Amino acid sequence: MKQLIIPDMGKFIILVSIILLAGCLNTFSQLIAWQVPAEMVNKINPLSIEPKNVAMGRNIFSRSCVACHGAKADGQGLIKSASLIAKEFQKQADGTIFYKITTGRDKMPPFKATLKDDEIWAVINYLRVLINPSAIPPAKNVKLEISTGDEIKSVTAFVYSADSAKLPLQEVDVHFYVKRDFGLMSIGELSNYTGTDGKVKVIFPDNIIGDAEGYVSLLVKVENDFLYNNAESEVIRQWGEPMIMEDKYFNQRSLWGSRNKSPVWLLLLANGIIAAVWGAIFYVAYNLFRIKKAGKIFTK
Amino acid sequence: MKNSEKDSSRRKFILNFGSLGISSLLVSPIIIQSCRTNLKEVGSGDKEKLLNSNNELVEVDSAYISTLNKNLAKNHNSESRKGLPGKKFVLVVDLAKCKNARKCMDKCQAVHQLRPEQHHLNVLIMKDNDHTAPYFMPKHCQHCDNPPCVKVCPVDATFKRSDGIVLIDNERCIGCRFCIAACPYSARSFNWYEPRDSEKYKDIPYDIEKNVPQKKGTVTKCTFSADCLREGKLPYCVSSCPNGVYYFGNEYEDSVTNGTSGETVSLKILLSKNAGYRLMEDLGTAPSVYYLPPKDRALMPDIENSNS
Amino acid sequence: MNDLYRKEQQIEKEQFQEIVTTLTFPMNHISPYFKLWIGFLLSLIGTAAVMYVRQLRYGLGTTDMRDIASWGLYFSDFVFLIAVSLVGSLITAILRLSNIKWATPLTRISEIIAVTALLSALAIIVVDMGRPDRLWHIFIYGRLQSPIVWDIIVVITYLVISLLLLYLPLIPDIALLQKKMGHKPGWQQRMYKILSLGWQGTKDQFKILNFSLTVLMVLIIPMAFSIHTVTSWLFASTLRPGWDSTIFGPYFVAGAFMVGAASVIVTMYFIRMQYKFEEYITDEHFNMMGKLLVLTSLVYLYFNLNEFMVPAYKMKSGESANIRGLLVGDYALMFWLVQILGMIVPILLMVFKLFRKPKPLLVISVFIVIGAFFKRYLIVTPTLLHPFLPIQNYPASYHHYSPTWSECTIVIGSIAAIALLISLFIKLFPIIPIWETAHEKGISNETINNS
């Protein structure tokens, strides 16, 4: 029987091609399609593109997705990721994107546990609007006024149109914050919608610490709303608990204090011992002089 | 008799010479100083127009005007030793979210002129015992309230401020490395060689709060980015994390802000909801860094294939 | 009657002359071997100096110390030298105050070892500093809360007291040398003149001298205890496993007495052999020093048992890694060699009189001294290599410490410096106190003063 003789050159070519193939596969593995089950592809987005849910989608996107996908959703975040405004991405059905967000893959974490279904659909709507801004009508200017109640600490926001008509606006999402050192701490709900009178009230929570006298700075905003342009208003009230700066530990004498804050017992002990011992040393040194003097008296 | 005469003359000579020497030593600085001022008193003749604090236009001889050195250090030594008032800084590390991206380490090493083997911040793979699962743990200087390192420094080079931050003055440090031996968290690093790119940093004035430029033969460690904090910004590591691991804030105000999302929450509630704890609490060092346990961790470390 | 008295005087005078001739023999004869010896020592010190200049240029990175093992051979050498320097107080003060007369010829040997060891210790700790140009910071900015500041204060105080204890008994001998060393170069004669403080040997002068000596001897005992206790606190004040011990003070002091006694034995053997001092440093001296060494070694053995058996019993986390490393791990070979050959076997051998003869005792003492050096190293570095948190994201070399040639030559230079200073001292001053030896032999002050 004839044996299959592969010449050495042939073996070499086979080996190289295997390696090249493996390399190509490795490179393309990133671009290998993310398989989505058929029934998930066909899932329908229950939310139609409306300013309210698009705004919610934008809020959620800025909290959970901007870090990796970038503020413009172009993949240029703190790490490099997929561009969500690219044609290839936008070509996918809503259901496909929904599946990918909930399940996650590699560096993309699964959001099934952290976001509700409605919130994910809202984010998808926001992504659609990003490449098609005409889907949303141009935003109007609004004015924001704050009033506060003092028996029960509460903040009421009144939103009305900025034109001469001064119409109260309803269903406007208002955000309430307390100013903190490095950011804004939200109070009230994530979204607080104005009623028919254009007003919405939020109760100021307990246990918020203010400055040394208890003053807090409250910031109320209309932001990231597609129908309305941003507006904000600020007010300062003495509603916070006064800040207690327990720095008595810092001003006391301690073993870790700086050199002028060493403990009294240490100062007394160390200096006492040094004084006693060096006193004796100086006495002995003085004795050297006495020896010399005693010798002189003798010779004279 | 001859000897004693020689002795006394020798003694007189030493006395005279000695007192002349000492007095000249004492007097010479005064002489030199006075020479200097004399030069200044001779005006150059050129005058310049300046606006004084009473909004009047005056003419001053240009001999009395010296140009301000724009290259002044941002913070003078004594200013950096005082803490920012009304603040006690605290860092919260959410171990559940850490995925060993190491953006924090990269940013920190770049900003603080560190070599790749020097760490102000080290992300460790911890495995507490044989039966518990491993997790990633970023470890900073803990800025302890009972700091073992500050206690042992012989020259007051490392010190604790009223805002809780422990800093190192690298113009004071003598390089004895007692603080490195004393720290149980292995948080300190030493400049065994000339620091990285020391030529590039030659003319930059020394800033204690950033600890840049680094100096050969001194100790360096995490500063909680005190230079950023003075400007109201979050530390470098906190704002460069892509995974939401770090919260940083003010304990007095009971608020911490997440470096990734910007979300600000109450420190007490965050710690109580997530069972926050401190590292090696039983050593009594009272750290300012809190950890949230790695429940439902985002990424399980692969210990067999990790290179540590 | 007068004749008899004069004859007795004559005999005393001759006796004293003999003592003087023998004990000043080293000062009057410089053999070619001595010059070779000095040359050898200078070459070692020169190499060390060159290596130090290199270290100043490149930084402490020329050693193998890194962020994990941040203290290494230099610090071990420092602790070792501080330990050796305690011998001054042991022999001079403790034995003398207890009126133990056989130790008299050894007092100056032990004091010079103490002084030179302290000077070398101060030098090596400056070598270990990252910024020696800022040494003055300790004095201007020193924090009283820091154990290093305590150590500096105590070391300098102890050094001053040791220098005084070296100098004061030397005064009568220098006065004698003034008369006997007329053939020496001018600078040497002037030095003797200045240092002799016009000593005449009067009753008053002796009174002042003896009282000053008593004050110093009483003072130096607590100072000696505190110098090594405070040095031990450089470790015990930290939280690290292996250092976090309450008995570090007495542990170190016991070890110091042991290695100090051994180093005196080594030195006195070579001095006796080289200068033919068999009449003054007798076999009996070796016998007694051997017994002293057994005693101090037993005390040290007791502390060693406490230091290692107790943590090994508990195997507390943190401590367990360090103990395991020492007893059965990376450091086991060095640890057991040091303990067995450097402590246990010497104790067992020295119990027998045969091994307290000069030659065997020399060999045993050499083992003890070398063992003591490596024991100090085992205290300093293994603890640093077993930190609480895992060693990660460092180069592989950070996991262990092997000293570079640069470090070794500098440490050898520090020992050579001690040998050099002692050798030069022997050529300038009598290494065995003349007047005290004469007093022991019953020669009166009159004879000494009038010779």
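How many residues of chain B are in contact with chain C, and how many of chain C with chain B? Bear in mind that this is a predicted model. Select both chains and you'll find 38 residues of chain B touching 36 of chain C.

Stay on the chain B side of that contact. Colour β4 (122-126), α4 (148-152), α5 (178-182) and β8 (189-190) of chain B, the elements that each put two or more residues there. Then pick out α5(B), which gives the most, with 4 residues. Now colour this side by residue class: 21 residues are nonpolar, 9 are polar and 8 are charged.

Next, bring up chains A and B. Here the contact takes 23 residues from chain A and 30 from chain B. On the chain A side, select α4 (66-69), β4 (184-193) and α8 (248-251) of chain A; each supplies at least two residues. By class, this side of chain A splits into 15 nonpolar, 3 polar and 5 charged residues.

Now head for the interior. In soluble globular proteins, nonpolar side chains tend to be buried together. The largest nonpolar core in this model has 244 residues, and Ala261(C) and Val264(C) have the most contacts inside it. Select helix α12 (residues 248-275) of chain C, which gives the most to this core, with 16 residues.

Zoom in on Ala261(C). Leaving aside residues up to four places away in sequence, Ala261(C) touches Val87(C), Leu90(C), Met289(C), Leu292(C), Leu293(C) and Thr296(C).

Technical notes
Residues are numbered from 1 along each chain as its sequence is written. Chains are lettered from A and ligands numbered from 1 in the order in which they are written. This is a predicted model: local features need pLDDT of at least 70, side-chain atom pairs count only at pLDDT 80 or more; totals for chains, interfaces and linings use all residues. Two residues are in contact if their C-beta atoms, placed from the backbone, lie within 7 Å. Ala, Val, Leu, Ile, Met, Phe, Trp, Tyr, Cys and Pro count as nonpolar, Asp, Glu, Lys and Arg as charged, and the others, Gly among them, as polar. A nonpolar core is a set of buried Ala, Val, Leu, Ile, Met, Phe, Trp, Tyr and Cys residues joined through C-beta atoms within 7 Å. A residue is buried if 20 or more other C-beta atoms lie within 10 Å of its own, exposed if 12 or fewer, and partly exposed in between; C-beta atoms are placed from the backbone.
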